[in-house]
Amino acid sequence: MRALAFFLLLLPGFAFPQAQQQPAQDAAAWLRKIYNASLKLSYSGTFVYRQGDRSESSRITRIVDANVDTEKLEALDGVRREIVRNGDEVRCYLPDIKTVKVDRRSRHPTFPALVPAQNSSLTDQYVVSKDETARIAGYDCQAISLKPKDEFRYGYKLWADVATGMLLKARIVNERGEAVEEFTFTQLIIGGNIDREMVKSSFAVQSKQWKVENAGVVRADLARSGWTVNPGIPGFQKVIEIQRQLRQAHRVSQVVYSDGLAAVSVFIEPIESGQEVRQGLSSMGAVNIYTRELARHVVTVVGEAPVKTVQQIGDLVEYHRP
Amino acid sequence: MKDRISALMDGELGQGEVDAQLKALREGGEALETWRRYHLISDSMRDSAVLSSGFSARFAERLAKEPTILAPASIPQRAQKKRMWIPVSAMAAGLAAVAFVGSMSSQFFNADVQQVAQVKTAERAQPAALTVVPMPGAVNDYLLAHQNYSPRSTLQGVAPYVRTVSDSSRAR
């Protein structure tokens with residue numbers, strides 16, 4: 001999202017205010033407002049995540065102040081799970097299997113630093129426009145849509161609170177304009193005094209006895225081990241290239257690309273003896289996953305992008321013995 | 001026979017039945033006529049673009065000149081009922097169907113030409129037919145790892161982390 005802000009600075013309407021660019025400029029100003037809200041607002045509420053015929057409620061609480069930026073997500077439907085982010089550390093509590101997965105979110109500054117500025121801006125890839133106003137969870141909202149200029153990305157529609165810029169609803173649409181995924185707040189309180197207990201895991205104490213899986217993320221250079229990963233899609237820039245643990249036993253390489261809104265991860269890991277690789281495609285809402293085998297490795301492409309995009313990125317992966 | 005052809009078009013037949021139906025189609029006659037009629041119906045229902053006349057013949061001719069890159073794609077199994085998740089997107093299913101029909105046409109028109117392309121010096125993707133497969137076993141690990149670096153996570157806080165599979169048998 002820092003990346004988004006970064007791109008927003010490059011929006012033509014922002015850089016060259018002109019009368020005829022008023023609508024786009026207005027829409028861009030709204031995106032900046034949403035971004036700023038995402039940096040500073042504390043809130044607590046319940047949202048519904050919809051995807052296909054699946055619909056799930058979750059409780060989310062975030063506290064931002066001078067000392068702390070913490071948030072917690074608690075799934076209210078399906079298998080119990082909690083995600084707590086404390087600064088850059090993300091902990092996923094899974095009580096059913098008595099496991100805590102610990103990972104690091106990318107440090108904010110890495111987004112702008114790693115995404116080259118000169119050849120990318122959100123408006124190169126999307127047509128940004130201001131749409132209707134609507135009332136969501138009791139808030140008057142302004143809708144903003146981002147329509148993709150090519151078939152390599154989905155479209156987005158965002159609804160933000162007119163007063164604060166808080167994002168109340170987000171929808172991802174496919175090339176036929178059908179919603180593939182939607183997040184909507186059904187209840188939300190912005191600001192106010194939020195109890196610190198709300199952002200602590202309810203498993204904080206008992207999880208001390210659980211298994212801890214640490215991602216152990218380190219920077220990596222795949223090219224040195226013979227791998228070439230290149231999305232070959234306009235606007236997709238490399239965000240990060242790392243090595244990490246996955247399922248504890250595996251050492252996996254991960255490269256992430258993003259156009260500022262959509263992101264695609266490429267995972268490369270050696271095939272374990274006896275492991276069966278199911279090559280092909282699977283989907284869950286806006287997320288498509290493309291799996292294939294290459295040079296005795298499994299290449300898994302995961303992204304909230306159309307089938308075509310994850311497949312192309314996967315198919316362009318090459319291995320040359322170093 | 002007609003319902004077999006309809007099932008064939010929908011990718012609902014097992015491998016053995018597919019072979020039998022393709023054989024029937026190669027023999028022409030009523031099977032082939034039904035096949036064509038069903039496609040005509042399906043095209044008109046979907047408002048598909050009308051192809052120029054003689055397209056099939058030209059396509060078959062060009063296809064015959066090309067080496068077959070892949071072994072025939074596996075037949076997509078009937079979508080497995082997997083509790084509340086994997087509603088495979090319509091688009092994925094559509095693409096799989098296209099890939100399937102594509103591989104079927106190559107068997108149909110090009111039964112005698114089965115060359116396997118030489119492996120190139122660089123190991124690279126073969127243009128694989130899109131087979132719809134179940135989520136990888138570690139899908140939640142991939143999703144969590146991915147989410148950490150998605151700009152959406154900053155935009156919406158930890159909300160997108162809800163995109164993990166909520167089926168307990170998968171939550172490892």
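A:Thr46 has A:Gln187 of β11(A) as its bridge partner. This is a predicted model, in which local features need pLDDT of at least 70, side-chain atom pairs count only at pLDDT 80 or more, and totals for chains, interfaces and linings use all residues. Residues are numbered from 1 along each chain as its sequence is written, while chains are lettered from A and ligands numbered from 1 in the order in which they are written.

**The sheet of chain A**

Strands here are DSSP runs of E with at least two residues, helices are runs of H or I with at least four, and both are numbered from the N terminus. Two strands pair if DSSP finds at least two bridges between them.

Chain A holds an open sheet of 12 strands with mixed pairing. Its order is β7-β8-β9-β10-β11-β1-β2-β3-β4-β5-β6-β12. At the edges are β7 (126-136) and β12 (211-214), each pairing on one side only. On average, neighbouring strands are turned by 15° against each other, direction ignored. The angles come from axes, lines fitted to C-alpha atoms, and run from 0 to 180 degrees between N-to-C directions.

Strand β1(A) has β11(A) on one side and β2(A) on the other in the sheet order. The table gives both pairings.

| Strand pair in chain A | Sense | Bridges | One bridge pair |
|---|---|---|---|
| β1 and β2 (residues 54-64) | antiparallel | 9 bridges | A:Gln51 and A:Arg54 |

The hairpin of β1(A) and β2(A) has 2 residues between the strands. There A:Gly52 takes a positive phi near 55°.

**A:Arg91**

A:Arg91 lies in strand β5 (residues 89-94) of chain A. A residue counts as buried with 20 or more other C-beta atoms within 10 Å of its own, exposed with 12 or fewer, and partly exposed in between; C-beta atoms are placed from the backbone. A:Arg91 is partly exposed because 19 other C-beta atoms lie within 10 Å. Contact means C-beta atoms, placed from the backbone, within 7 Å. Leaving out residues up to four places away in sequence, A:Arg91 touches A:Val84, A:Val100 and A:Val102. A:Glu213 is 122 residues away in sequence, yet 9.7 Å away in space, C-alpha to C-alpha.

**Nonpolar cores**

A nonpolar core is a set of buried Ala, Val, Leu, Ile, Met, Phe, Trp, Tyr and Cys residues joined through C-beta atoms within 7 Å. The largest has 92 residues. A:Ala160, A:Val264, A:Val266 and A:Val301 touch the most other members. Helix α3 (residues 22-40) of chain A gives the most to this core, with 6 residues. Contacts of A:Val264 include A:Phe236, A:Tyr257, A:Val301 and A:Ile313. Another core, of 6 residues, lies apart; B:Ile5, B:Leu8, B:Val18 and B:Ala31 are among them.

**Chain B and confidence**

Chain B has 7 helices and 1 strand, in the order α-α-α-α-α-β-α-α from the N terminus on. Of its 172 residues, 31% count as buried. Among its contacts between residues at least 6 apart in sequence, 75% join residues at least 24 apart.

The predictor's confidence in each residue is pLDDT, from 0 to 100. Chain B has a mean pLDDT of 62, and 49% of its residues reach 70 or more. Where pLDDT is low, the predicted coordinates should not be read in detail. For the complex, the predictor gives an ipTM of 0.85 and a pTM of 0.68.

Methods
Contact = placed C-beta atoms within 7 Å.
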